[in-house]
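Good morning, and thank you for the time. Please keep the view open as I speak.

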Amino acid sequence: MSRLDSAIRRLEAQRACLDVACTAVAAVPGVILEAGLGNGRTYDHLRSRLPGREIFVFDRQVDAHPDCIPDAAHLFLGDLFDRLPDAIARLGRTAALIHSDIGTGEPGRNACVAAALAPLYARLLVPGGVLASDQAMPAATWTALPLPAGVPTGRYFLYRAGD
Ligand SMILES: C[S@@+](CC[C@H](N)C(=O)[O-])C[C@H]1O[C@@H](n2cnc3c(N)ncnc32)[C@H](O)[C@@H]1O
C-alpha cells in the first residue's frame, strides 16, 4: 500500500468514526470538544454534522485554515494539560462529544499521554457522552463502542461514558 493509500484510509476511517460518534450523541445534550485543531479538518466536519452545537477547541497553536478558526471564546490555546483543568472549571461535565486527535508518531509517548488524558476527559463527558480518539483510552466507566464497518480494530477508538 502506498503512503497515499494509507493516508486516504486513515482519513476515511476517521470520518466514518466521527459520523458514528455524531449520530450517537444526536440525542445527548451538551457541548462538543475538539482536542487537536490542526488545520481544522475535523473541526469543520463536526460543525457540519452537528449544526447548532457549541464547539470548544484545544491546541497549542492556531495553524488552521482561516475558515476553520473558532472565535476566542471557543478556543483553549496552550498545552492540553494546562488548559483542560480550565475547561473543567469553566464548562464542568457538559460535553456530549469529545474528539481527541493529538497523536504523534511515537506509540510509547502516545500511550502515556492517553492514560493521563482519560481522567481529565472523564470530568468533562456527560453520562452517555462519546469520546472519539485516535488513541486507545480505556477508563473504568467507559464502554468501547463498535467501530463502523471497514474500520480495522486499533485504527480509531470510540467510547461511551457511563455514570
Ligand atoms: C493530527 S493534528 C490534528 C488534526 C486535526 N484534527 C485536523 O483534522 O485538522 C494534532 C494537533 O494536536 C495538537 N497537540 C498535540 N499535542 C498537544 C498538546 N499536548 N496540547 C495541545 N495541543 C496538542 C498539535 O498542535 C496538532 O495541531
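I begin with V25, which has a relative accessibility of 0% and therefore counts as buried; here buried means under 20% relative accessible area, exposed means over 50%, and partly exposed is in between, with a 1.4 Å probe and protein chains only. Before going further, the provenance: this is a predicted model, in which local features need pLDDT of at least 70 and side-chain atom pairs count only at pLDDT 80 or more, whereas totals for chains, interfaces and linings use all residues. Residues are numbered from 1 along each chain as its sequence is written, and side-chain values use heavy atoms, with hydrogens and water left out.

Where does V25 lie? It is in the loop between α1 (3–24) and β1 (31–35); helices (H or I, at least four residues) and strands (E, at least two) are DSSP runs numbered from the N terminus. Setting aside neighbours within four places in sequence, V25 contacts L50, R53, A96, L97 and V130, a contact being heavy atoms within 4.5 Å. The C-alpha atoms of V25 and G129 are 6.4 Å apart, although 104 residues separate the two along the chain.

I turn now to charged pairs. Side chains of opposite charge can pair when their charged atoms come close. The criterion for a salt bridge is a side-chain nitrogen of Lys or Arg within 4 Å of a carboxyl oxygen of Asp or Glu, and the count by this rule is 4 salt bridges. I shall discuss some of them.

One of them joins the side chains of D19 and R49, at 3.0 Å from N to O. D19 belongs to helix α1 and R49 to helix α2 (residues 41–49), so this pair ties together parts that are 30 residues apart in sequence. Both partners are partly exposed: D19 has a relative accessible area of 23%, and R49 is at 42%.

Another salt bridge is formed by D44 and R47, with the closest N and O atoms 2.9 Å apart. Both residues lie in helix α2, 3 residues apart, which is about one turn of the helix. D44 is partly exposed at 34%, and R47 is partly exposed at 30%.

A further salt bridge links R60 and D79, whose closest N and O atoms are 3.7 Å apart. R60 sits in the loop between β2 (55–59) and β3 (75–77), and D79 in the loop between β3 and α3 (80–91), so the pair ties together parts that are 19 residues apart in sequence. R60 is exposed, with a relative accessible area of 54%, while D79 is partly exposed at 27%.

D79 also leads us to the next helix. At the start of α3, a side-chain oxygen of D79 comes within 2.8 Å of the backbone nitrogen of F81. Which residues of α3 are buried? They are L80, L84, A87, I88 and L91. Seen down the axis of α3, these buried residues fall within an arc of 100 degrees, so they line one face of the helix; the arc is that of the directions from the helix axis to the C-beta atoms. Their cover includes β1, β2, β3 and α4 (107–122). On the face turned away from the buried side are the exposed residues D82 and A89. After α3 comes G92, with a positive phi near 65 degrees.

Q135 is buried, with a relative accessible area of 18%. Beyond residues up to four places away in sequence, Q135 touches G103, N110, A114 and F157. Finally, the pocket. A pocket is defined on a 1 Å grid over the protein atoms alone, as an open set of points where a 1.4 Å probe fits, with protein on both sides within 12 Å along at least five of seven lines; lining residues have an atom within 4 Å of a point. The largest pocket is lined by 33 residues, of which G36, D101, I102, G103 and D134 lie nearest its centre. Helix α4 gives the most to this lining, with 5 residues.

How values were computed. A polar contact is a pair of N or O atoms within 3.5 Å; within protein, one must be able to donate a hydrogen and the other to accept it, and residues adjacent in sequence count only if both atoms are side-chain atoms.
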